[in-house]
Amino acid sequence: MPELVEVETIRRSLEREIVGLTLQDIDVKERVHLLKNCSLSQLKRCLTGWQLMTVMRRGKYLIFDFGRYSMILHLRMSGRLLLQPARHTRLVLDFDEKKLFFDDARRFGMLYLSESSQLEELKPLKELGIEPLSLGYTLGAFRQKLRTREEIKRSLLDQRKIAGLGNIYANEALFEARIHPKRQANSLSPQESRRLFQAIPLILGRALEAGGTSIDSYRTPQGELGRFQEDFSVYERAGRPCRRCLASVKRIAHGGRSSYFCPKCQPLGM
Ligand SMILES: [Zn+2]
């Protein structure tokens, strides 16, 4: 599933490829699942004929700003934005000389239409927590989000707390900070919460440099693969030696997902 890093990589690519172009037509081939708060005719009426001013990101959402109206897209499990058509095209944005195709094999993708001035009031965006790569990401704000008895890994994945983190980068950040994924969030010492606070943007920055992670369907709009999977410390490395201490990386299932950690570097008992 594309996380913050992949969505940000796509955003940067779209900025180079299609920002400044005028939308000539829009076609939705999968209305039932994709369109969450609008019809195709509303989309056409509000967006065609307008220039794409900018593409922004909030958490894992992409926001296409056409001036008065914006189109908001969440790729969910398998969504991809490509400059070439692929097998499961659900949406086509026709910018005349260029077309952008939304390909989504599993049909979990979500599209919203909003007046640009009302974006902050749009329900899925309104509920998002702090952005780890923004100025609002401060140690104080981060610690506030961890004032809970739930497991730290679960808190990191909660989009209302930290926006954009998914399973891959949450696992890698916890390893970097040497914190067991099942630790109770409010049991972290000041040193531990500071380490985790610093580890998150560090891991995201490294992953951005590698163009994201391609272990599933993720591609950039140009069809390129990310390379961060080559740098994983723990994610999907169960049974292999820890890069730091050579102990065997463990996998546990909890909260419906897999957590990967080094039992020596990230002990549970403190
Ligand atoms: Zn280790």
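Is leucine 246 buried or exposed? Leucine 246 counts as exposed, at 68% relative accessibility. The model is predicted.

**Zinc site**

- Four cysteines supply the protein donors of the zinc ion: Cys242, Cys245, Cys262 and Cys265, each through SG.
- These donors lie 2.2 to 2.4 Å from the zinc ion.
- The site is tetrahedral, with angles of 100 to 113° among the four donor atoms.
- Along the chain, the donors follow the spacing C-x2-C-x16-C-x2-C.

**Exposure of the zinc donors**

- Cysteine 242 has a relative accessible area of 1%, so it is buried, the cut-off being under 20%.
- Cysteine 262 is at 0% relative accessibility and therefore also counts as buried.

**Positive phi**

- Most residues other than glycine have a negative phi.
- Leucine 246 has a positive phi, near 75°.
- Leucine 246 sits in the loop between α8 (190-209) and β9 (250-254).
- Its 68% relative accessibility is over the 50% cut-off, so leucine 246 counts as exposed.
- Arginine 107 has a positive phi as well, near 55°.
- The loop that holds arginine 107 runs between β7 (98-104) and β8 (110-115).
- Arginine 107 counts as partly exposed, at 38% relative accessibility.

**Nonpolar surface patch**

- Which residues form a nonpolar patch on the surface? Met1, Met77 and Phe108 do.
- Together these residues have about 230 Å² of accessible area.
- Methionine 1 belongs to the segment before α1 (4-17).
- Methionine 1 counts as partly exposed, at 32% relative accessibility.

**Disulfides**

- A disulfide is a covalent bond between the sulfur atoms of two cysteines.
- How many disulfides does the structure hold? The structure holds zero.
- The SG atoms of Cys242, Cys245, Cys262 and Cys265 are instead listed as donors of the zinc ion.

How values were computed: Residues are numbered from 1 along each chain as its sequence is written. This is a predicted model: local features need pLDDT of at least 70, side-chain atom pairs count only at pLDDT 80 or more; totals for chains, interfaces and linings use all residues. Side-chain values use heavy atoms; hydrogens and water are left out. Donors are N, O and S atoms within 2.8 Å of the metal (3.2 Å for Na, K and Ca); water is not among the atoms, so sites may look incomplete. Four donors count as tetrahedral if all angles lie between 85 and 135 degrees; four count as square planar and six as octahedral if opposite donors are over 155 degrees apart and all others between 65 and 115; anything else is irregular. Buried means under 20% relative accessible area, exposed over 50%, partly exposed in between (1.4 Å probe, protein chains only). Helices (H or I, at least four residues) and strands (E, at least two) are DSSP runs, numbered from the N terminus. Patches are made of residues with over 30% relative accessible area and no salt bridge: like charges are joined within 9 Å, nonpolar side chains (Val, Leu, Ile, Met, Phe, Trp, Tyr) within 5 Å. Accessible areas come from the Shrake-Rupley method with a 1.4 Å probe; for residues, only the protein chains shown count as cover. A salt bridge is a side-chain nitrogen of Lys or Arg within 4 Å of a carboxyl oxygen of Asp or Glu. A disulfide is a pair of cysteine sulfur atoms within 2.5 Å.
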